[in-house]
Amino acid sequence: MKDYNNLENLKKFKDFDLNLLKVFEIMYISGNGTRASEILGVTPSAVTQSLHKLRNYFGDPLFMRKKNEMVSTSLAKSIHENLNQSLGLLLEHINMSEASSLKQITIYCSPLCALRVLPQVVHALELAQLTCDINHIGSDVYGNSSNEEILTFRKADLVFETTPYYSFSTITEVFHLDEAVAICRKDHPRIKSGLDISDMKRESSTLLLNNTDSVKNMQSKIEGFFGERKFAYSSSSMSTILSMTECTDYISFVPKWFALKFLDSFNIKILTCDFQLPEVPTYMIYHKNMMRNPDLLKLIKILQNESKNNLVKI
């Protein structure tokens, strides 16, 4: 009976090009026609034609231009929610045919995160007695690609991000909880070992440019405790913030593990602070179908055990 129902449904859609759904999903995730055409390897006009067919079929504009971005209609959001679940399950079954031996593993994370995560991946591979190539892709390589796009189209096996991603076909777990600390240069003329509100009122700070909610939340908490700060330098690079801190009188807030790692290499010192800063989580995200591969399952289990140790404050 089930096969009969499927056959009847297929008959109803015999004139519908299922490739249009792939165009729709890529367009929805990328939010940009040019970006979608690059992913599909077709011209922008071909994407436009496909969207025209979809609009005629559904009787809905699906995507509307608002300033410099494409905004999804409520129907498009509903289609995506259902299609994303089905697409994830389909990819799981397709990937079941992949070889069970692990030849290469691709890790997607920021360069800063890679400093901490990649050595742990190497250690996990050694414990699992697995030999494979490790391919690290920095989050700056794919530009504005979202975690959804990276995972849905299998650009990476493991994603480590400060922003969680939840879907029916993926697993998201907290891997790190990073505590932040205040730092300044060792020979700072006014600050010795502690940092208080009066210090922050007269000193300038650095600002980490990061759009994730967890980092913004931490920065907001700092503002709430110390009051409005004077920012003399801002950057998306934690290493350049460290470099600027050691040669100026700036005050910076960085992950504790990062400060400890470079404490002896840079002219910096960690300051005590009465205010307890909120922790910033790093999530490990991967497809459920990875659990079907014995080698990958072994690796993930070891990384999960590593995570339990990571969640203990350093």
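**Reading helices, a sheet and one leucine**

Me: At roughly what angle do the axes of helix α2 (residues 19–30) and helix α4 (residues 44–58) cross?
Reply: Axes are lines fitted to C-alpha atoms (for helices over the stretch in contact), with angles from 0 to 180 degrees between N-to-C directions. Here the axes of α2 and α4 come within 10 Å and cross at roughly 105°. That makes α2 roughly perpendicular to α4 (65 to 115 degrees; under 35 is roughly parallel, over 145 roughly antiparallel, the rest oblique).

Me: Which residues make that contact?
Reply: Contact means heavy atoms within 4.5 Å. From α2 come L20, V23, F24 and M27, and these meet V47, S50, L51, K53 and L54 of α4. By class, the contact of α2 with α4 has seven nonpolar residues, one polar and one charged (Ala, Val, Leu, Ile, Met, Phe, Trp, Tyr, Cys and Pro are nonpolar, Asp, Glu, Lys and Arg charged, the others, Gly among them, polar).

Me: What kind of model is this?
Reply: It is predicted: local features need pLDDT of at least 70, side-chain atom pairs count only at pLDDT 80 or more, and totals for chains, interfaces and linings use all residues. Residues are numbered from 1 along each chain as its sequence is written, and side-chain values use heavy atoms, leaving out hydrogens and water.

Me: How many helices and strands does the protein have?
Reply: There are 12 helices and 13 strands, taken as DSSP runs numbered from the N terminus (helices H or I, at least four residues; strands E, at least two).

Me: In what order do the four strands of the open sheet lie?
Reply: Strands pair if DSSP finds at least two bridges between them. The order here is β8-β12-β7-β11, with mixed pairing. At the edges are β8 (194–195) and β11 (252–255), each pairing on one side only. β8 pairs with β12 (residues 268–273) in the parallel sense over two bridges, and L195 stands opposite C273 in β12. Helix α10 (residues 238–246) lies across β7 (180–185), β11 and β12, and runs at about 40° to β7.

Me: Is L125 buried or exposed?
Reply: L125 counts as buried, because its relative accessibility is 5% (buried is under 20%, exposed over 50%, partly exposed in between, with a 1.4 Å probe and protein chains only). L125 is found in helix α6 (residues 111–127). Leaving aside neighbours within four places in sequence, L125 is in contact with L102, L130, C132, I134 and L299. The C-alpha atoms of L125 and L296 are separated by 9.6 Å, although these residues are 171 apart along the chain.

Me: How much of the protein counts as buried?
Reply: Of its 314 residues, 45% do.
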